[in-house]
Amino acid sequence: MPARPEDPVLTDPPTARPRTGRAERTGRTGRTGGAREPFFDHAKLLAMVLVVCGHFWEPLVRAPGHRLLHAGYLLVYAFHMPVFVFVSGWFSRSFTARPDQLGRLLSGVLAPYLLWTTLLGAYTAWLDGGRFALDLLTPVWVTWFLLSLFLWRLSAPLWHRLRAPLATAVAVSLLAGALPLTPQLSIGRTLQLLPFFVAGLVLDRRRVLALRGHRWLRAAAAPVFGAAALAAYWLVPRLDAAWFYRSASAAGLHAGYPRWLLVSLGINLAGAVLGAVFLALVPVRTRSERWAALGAASMAAFLVHPFLQEALVHGGWYEGGFLPSAAGQSALTAAAAGLTLLLCSRPVAGPLRPLLAPRLRLLLREEPRPAGPPVRPTMIPELPSEPGRRTGG
């Protein structure tokens with residue numbers, strides 16, 4: 001898709017195909033704004049696999065006796081949310097609240113939030129056998145990111161006006177721990193993950209792009225992730241996973257504010273380091289367009305997989321039997337990764353396009369086209385956001 005840098009993350013068509021060859025090479029060197037960068041599609045796909053696996057692991061993680069899987073869950077949650085938010089900030093750099101940008105924000109972020117919050121809320125209520133009560137101010141599971149992204153992107157022009165935007169965002173996120181946060185508007189995550197969005201928004205472009213295939217970061221990947229895995233294993237009985245969701249204040253986690261401040265700083269620092277190493281490990285180029293095309297359609301997996309996971313939970317698949325065993329956990333992980341690829345494929349994602357980015361032609365006025373030759377958009381896709389669930393993750 002010819003996606004502009006300021007486009008909402010959900011506007012990548014499921015059938016988009018990246019450019020390769022000379023366009024790819026010039027895109028990597030930054031000599032042209034027209035080449036689609038396969039690197040970001042690859043990152044989207046890998047990150048989405050982690051998202052789906054994490055959500056399918058969660059029912060087992062919350063049961064005793066799965067410490068190794070629980071450690072992997074904490075490791076994944078330490079960095080993939082910051083990565084999503086950072087890249088969303090990166091693709092919000094040119095957002096100035098022009099009428100056309102606001103129209104894409106409404107159709108590509110707010111409209112899907114309203115639609116999928118309603119669908120997922122009604123579905124879970126049906127599975128629970130309860131009554132569905134629509135509350136559009138309170139996100140349902142994965143839809144928290146859409147609402148937070150809507151608020152972050154609206155604020156993008158304001159951060160460009162500040163002398164020290166990143167320091168200000170960090171201060172806001174740290175003050176959030178002292179506030180009585182509520183689920184409405186996803187305010188907890190919106191404030192606590194704000195520094196990652198602002199970092200993507202204002203950090204030097206060359207330094208950000210230098211993460212692609214960074215030689216030293218790739219060399220450090222094994223010891224960094226190894227140390228993080230050991231730390232996660234040690235933390236399993238000592239720190240609740242809710243800390244990694246970044247949605248609750250000190251009071252919500254039953255901790256004093258000084259402890260909340262210290263633990264949150266450590267988790268976010270780990271997220272920044274692990275996120276940078278993860279991006280350095282993402283393949284810059286591959287011989288096939290297939291993987292980048294799957295990454296461009298990752299929103300289908302992001303929004304559809306919760307329906308399947310909820311069906312497994314309510315069907316009792318996690319209660320004894322095969323899944324809790326070591327073999328079952330391995331099979332579940334492989335199945336979650338395969339499901340991600342299936343949902344991103346053209347036959348599945350293509351028909352979902354009207355639900356991923358609804359057209360609002362009847363609601364929005366058409367803007368007059370500017371005079372002169374058309375401006376060729378920068379064809380760089382965005383990463384999706386990290387989903388969470390009703391319990392926090």
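Which residues does Arg-246 touch, not counting residues up to four places away in sequence? The last legend gives the list. The model is predicted: local features need pLDDT of at least 70, side-chain atom pairs count only at pLDDT 80 or more, and totals for chains, interfaces and linings use all residues. Residues are numbered from 1 along each chain as its sequence is written, and side-chain values use heavy atoms, with hydrogens and water left out.

**View 1. The salt bridge between Arg-62 and Glu-58.** A salt bridge is a side-chain nitrogen of Lys or Arg within 4 Å of a carboxyl oxygen of Asp or Glu. The count by this rule is three. In this view, the closest N and O atoms of Arg-62 and Glu-58 lie 3.2 Å apart. Glu-58 is buried, at 2% relative accessible area. Arg-62 is partly exposed, at 47%. Here buried means under 20% relative accessible area, exposed over 50%, and partly exposed in between (1.4 Å probe, protein chains only).

View 2. Arg-98 forms a salt bridge with Asp-100, and their closest N and O atoms are 2.9 Å apart. Both residues are partly exposed: Arg-98 has a relative accessibility of 34%, and Asp-100 has 26%. Asp-100 also meets the side chain of Arg-104 in a salt bridge, at 3.5 Å from N to O. Asp-100 and Arg-104 sit four residues apart in helix α4 (residues 99-128), so about one helical turn separates them. Salt bridges with shared partners link Arg-98, Asp-100 and Arg-104 into one network. Arg-104 is buried, at 18% relative accessibility. Helices (H or I, at least four residues) and strands (E, at least two) are DSSP runs, numbered from the N terminus.

**View 3. Polar contacts of Arg-246.** Arg-246 lies in the loop between α11 (242-245) and α12 (257-281). Its relative accessibility is 3%, which counts as buried. The Arg-246 side chain reaches the backbone oxygen of Phe-244 at 3.0 Å. A 2.7 Å polar contact joins the side chains of Arg-246 and Asn-268. A polar contact is a pair of N or O atoms within 3.5 Å; within protein, one must be able to donate a hydrogen and the other to accept it, and residues adjacent in sequence count only if both atoms are side-chain atoms.

**View 4. The surroundings of Arg-246.** Contact means heavy atoms within 4.5 Å. Leaving out residues up to four places away in sequence, Arg-246 touches Tyr-77, Ala-78, Met-81, Pro-82, Gly-188, Arg-189, Gln-192, Leu-193, Ile-267 and Asn-268.
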